[in-house]
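Please open the model in your viewer and keep the selection panel at hand, as this tour moves from one selection to the next.

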Amino acid sequence: MIAIFKREMRSYFTGVIGYVFLVLFLAIAGVVFAYTTLFSMSAEVTPFYTVMLIFSAIALPILTMKSFSEERKMKTEQLLLTSPVSIPGMVIGKFLAAFAMFAAALIFSSLYFLFLIPYAPIKAALLIGNVLALLLVGMTFISIGLFVSSLTENQLSAAVGTIAIIIGFLGIGILSSLFPANYWFRFVLESLSILQRFQNLTAGFFELSSFVYYISITAVFLYLTVRTYDRRRYN
Amino acid sequence: MIKAENLVKRYGANYALNDVSFEIGEGEVVGLLGPNGAGKSTAMNIITGFLSSTSGAAYVNGINILDDPIAAKKFIGFLPEQPPVYPDMTVAEYLDFVYDLKGVKLEREEHIAEVLSVVKLTDVKGRLIRNLSKGYKQRVGIAQALIGDPKVIIFDEPTVGLDPKQILEVRNLIRTLGKKHTVILSTHILAEVQAVCERVIIINKGKIIADEKTDELTRTIEDGYQYEARIVGPISQVASALKKISGVRSAAITGARDGEANVYNIESVGSSDIRRAIFTVCAENGWPMIGLAPTGTDLESIFIRLVDRSDRKADGTKGAKREKIRR
């Protein structure tokens with residue numbers, strides 16, 4: 001698992017994907033930061049993270065698109081699958097590598113808020129809540145990306161497929177607003193919505209169910225990835 | 001060391017492997033011989049745990065590969081058909097990664113240096129794998145299989161796509177490895193098996209059709225040897241003279257021509273060597289013989305002969321009939 005994590009981190013930086021991801025993430029974060037705080041004369045943190053969530057929905061699939069499809073195309077997966085490494089170990093190694101990249105980019109861009117301290121009060125708890133919320137969302141996006149990447153040899157279709165699934169998850173939230181306020185189905189959709197939960201967390205509602213929600217979606221997609229590999233041996 | 005028990009691999013209605021069983025002892029060097037698509041790679045992929053069989057079981061050092069894959073895989077080094085190398089790594093980095101991946105306990109620097117020297121890659125260890133030639137990539141693949149000093153090394157078509165010099169090098173390397181390891185090697189080249197392996201398992205259409213010592217196979221092939229002779233001379237006289245040679249079962253003109261010469265197909269009885277006699281007959285009659293070469297040593301004709309032989313063993317009359325029809 002550690003070997004795969006290290007190899008994955010390396011591959012981000014021997015190719016272009018790691019650099020593109022980091023540069024783009026930090027650059028976009030800078031622009032978004034400027035617009036949501038400096039230009040709008042506000043010290044609100046949540047708008048920044050909400051926009052970054054939308055951006056992550058595109059950036060993370062690009063980060064994860066290669067992870068399994070490239071191994072499959074280059075036949076290097078034959079090495080991984082015939083080495084004494086468990087399939088879950090392999091999947092988790094790749095997951096942690098992508099997550100580490102995302103966490104590094106997110107935490108670094110969150111430091112921008114330190115510049116605001118002399119001019120406006122920044123509530124540490126709120127900031128941490130927002131970072132945590134986006135980390136949780138990123139986790140689910142990465143697990144979706146890994147799953148889709150394990151299904152195809154083609155990186156581009158992996159990225160597009162992942163973005164489609166993420167849009168589906170985000171769309172559930174929008175769909176829910178079409179139903180009347182106390183209708184049970186609206187409640188179901190809201191509980192499934194990545195966005196709704198995110199807004200709860202960033203508003204300071206640290207509900208246990210939200211943590212369970214993000215962690216279980218991640219677990220489900222990682223499990224599906226493992227199953228994809230298990231299954232492929234029989235085909 | 002390796003045991004395959006009634007392995008079956010089915011893709012829809014097609015059988016890639018159909019009830020294949022064999023056992024390979026420690027220190028043996030075994031060749032898996034068969035034409036493309038015979039099921040060699042499938043068998044190897046099942047033994048290494050990359051694929052699962054539809055039914056049957058594979059054991060490595062007594063461990064079922066499905067029950068405890070991690071323990072079983074520790075005993076195996078595998079070179080798949082296409083070397084599983086990462087083009088963006090240098091040779092040294094790649095082997096370092098494989099070392100970590102396999103969780104090897106040997107002294108790192110020393111072990112990797114040793115593997116590099118065995119496959120003669122020490123000079124290029126700092127180069128990106130992307131920039132290496134096909135032969136070098138293949139050697140990196142072999143090096144990868146050697147990391148961790150596994151008891152069993154499995155090579156899937158290790159010489160495909162290499163130039164003749166590289167082929168010899170790889171074969172020599174495998175022979176050297178065979179002294180210390182159990183080696184399984186798949187190939188569709190008969191000469192490769194004869195050069196490297198002590199024992200050969202022949203697979204065709206997913207079934208084992210022969211499993212014997214390489215020497216025995218060689219004898220089988222030479223039994224009823226066929227030759228193609230190119231002789232200048234009157235056709236009917238040449239043919240009848242050839243037929244009179246003792247040890248010749250049949251001699252017939254093929255119809256093909258090589259300049260002035262006619263091409264004859266001659267088959268000997270048993271393992272008697274008739275080449276000298278053919279030459280003498282031609283010389284005495286003043287018929288120039290411009291070519292004499294053994295034929296029927298290609299895999300296809302060997303398969304026919306082996307299938308024949310096993311049929312004959314099972315049922316004398318049927319085999320004899322088939323023998324007639326074939327002729």
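For the classes used at the first stop, Ala, Val, Leu, Ile, Met, Phe, Trp, Tyr, Cys and Pro count as nonpolar, Asp, Glu, Lys and Arg as charged, and the others, Gly among them, as polar. Bear in mind throughout that this is a predicted model.

Begin with the largest pocket, which has a volume of about 390 Å³, and select Lys75(A), Glu77(A), Gln78(A), Phe50(B) and Leu51(B), which lie nearest its centre among the 18 lining residues. Two or more lining residues come from each of helix H5 (77-82) and helix H11 (208-232) of chain A and helix H1 (40-47) of chain B, and the largest share, 3 residues, belongs to H5(A). By class, the lining holds 8 charged, 5 polar and 5 nonpolar residues.

Next, within chain A, select Ala97(A) in helix H6 (residues 87-110), which counts as buried because its relative accessibility is 0%. Leaving aside neighbours within four places in sequence, Ala97(A) is in contact with Phe5(A), Glu8(A), Met9(A) and Tyr12(A); the C-alpha atoms of Ala97(A) and Phe5(A) are separated by 5.3 Å, although the two residues are 92 residues apart along the chain.

Finally, turn to chain B and display the open sheet of 6 strands, ordered E6-E7-E8-E3-E9-E10 with mixed pairing. Strand E6 (76-79) and strand E10 (207-213) of chain B stand at the edges with a single partner strand each, so one side of each has no neighbour in the sheet. Within this sheet, E7 (residues 152-156) and E8 (residues 182-187) of chain B run parallel and are joined by 5 bridges, and Phe155(B) stands opposite Leu185(B) in E8(B). Helix H6 (residues 164-178) of chain B packs on the sheet, touching strand E3 (29-33), E7 and E8 of chain B, and its direction makes about 150° with that of E8(B).

Conventions. Residues numbered from 1 in each chain as written. Chains lettered and ligands numbered in written order. Predicted model: local features only at pLDDT ≥ 70, side-chain atom pairs only at ≥ 80, totals over all residues. Heavy atoms only, no water. Helix = DSSP H or I, 4+ residues; strand = E, 2+ residues; numbered from the N terminus. Buried < 20%, exposed > 50% of the residue type's maximum accessible area, 1.4 Å probe, protein only. Contact = heavy atoms within 4.5 Å. 1 Å grid on protein atoms, 1.4 Å probe; cavity = no way out; pocket = protein on both sides within 12 Å on 5 of 7 lines; lining within 4 Å. Points joined across faces, edges and corners; volume = space filled by probe spheres on them. Pairing = 2+ DSSP bridges. Axes fitted to C-alpha atoms, helices over the stretch in contact; angles between N-to-C directions.
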